[in-house]
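Hi,

Here is the structure we talked about. Please load it before you read on; my notes follow below.

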Amino acid sequence: MRKTNVVILQHEIIHNIVTMKIAVIYGSSTGATEDVAKRIAGAMNVETNNIMDVANISPDKVADFDVLLLGSSTWGVGDLQDDWYNGIEVLKKAQLGGKKIGIFGTGDSGAFSESFCSAIGKIYEELQSSGATFIGKVDPSDYSFTDSEALIDGQFVGLPLDEANESDKTDDRIANWVKQLQAAI
Ligand SMILES: Cc1cc2nc3c(=O)[nH]c(=O)nc-3n(C[C@H](O)[C@H](O)[C@H](O)COP(=O)(O)O)c2cc1C
């Protein structure tokens, strides 16, 4: 690519990051997903007001945003975090066409290796017909687990984080994901 083209591309990326309205929406039962949601928001320069508990969202509230970053922990065996059952219905009532969606989650790849961060896959499946574009798929080779509903066609359809066993990897995983999101929005 010529240097001028690179400069134009860089300007475009910076312009998009500045003008795109981004919301981070999380469901969290013991605080782990809330904590990583805030770290992701910090890395994406998302205003504190635009970090929302999924229990408090409405179709009107999400209408304002171009990009939605949705986070859920996984409970039971591969289930959504409780507040997401209603949250999904709220998002289905909102107009998501044209928006970009990135999904993240926390799970435990040691104790729940067969359903590691499956909630990410559940949110992805539920919103397939919403008209939104999904961004932020992740290569699974850095993870150790047996199975996950978040694994589709060999890729995680969002960012899995494991605060129980691999919290030392979380900062790097977030930084890489944020870089990827910034190039995709
Ligand atoms: C009863 C129970 C069931 C769980 N089921 C899963 C699971 O199926 N898959 C997984 O990856 N993690 C599972 N976890 C781990 C949680 O998802 C993990 O601790 C998460 O970080 C909690 O996040 P939160 O505090 O934001 O809700 C489970 C934890 C408990 C206590």
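**What I found**

Buried residues make up 39% of the 185 residues in the protein (buried: 20 or more other C-beta atoms within 10 Å of the residue's own, with C-beta atoms placed from the backbone). This is a predicted model: local features need pLDDT of at least 70, side-chain atom pairs count only at pLDDT 80 or more, and totals for chains, interfaces and linings use all residues. Residues are numbered from 1 along each chain as its sequence is written.

The protein has six helices and nine strands (DSSP runs numbered from the N terminus: helices are H or I, at least four residues; strands are E, at least two). The C-alpha atoms fill a box of roughly 50 × 35 × 30 Å along the principal axes.

Look at strand β5, residues 100–106. Seven of its seven residues are buried. Lys100, Gly102, Phe104 and Thr106 point one way. Ile101, Ile103 and Gly105 point the other way. In general, side chains in a regular strand alternate between the two faces of the sheet.

Which strands pair with β5 in the parallel sense? Pairing here needs at least two DSSP bridges between two strands.

- β3 (residues 67–75) pairs over seven bridges; Leu69 has Gly102 as its bridge partner.
- β9 (residues 159–161) pairs over three bridges; Pro160 stands opposite Gly105.
- β6 (residues 133–135) pairs over three bridges; Ile135 stands opposite Gly102.

From β5 the chain crosses through helix α5 (residues 118–126) to β6, a right-handed β-α-β crossover (with the strands pointing away from the viewer, the path from the first strand over the helix to the second runs clockwise).

Best wishes

Methods: A residue is buried if 20 or more other C-beta atoms lie within 10 Å of its own, exposed if 12 or fewer, and partly exposed in between; C-beta atoms are placed from the backbone.
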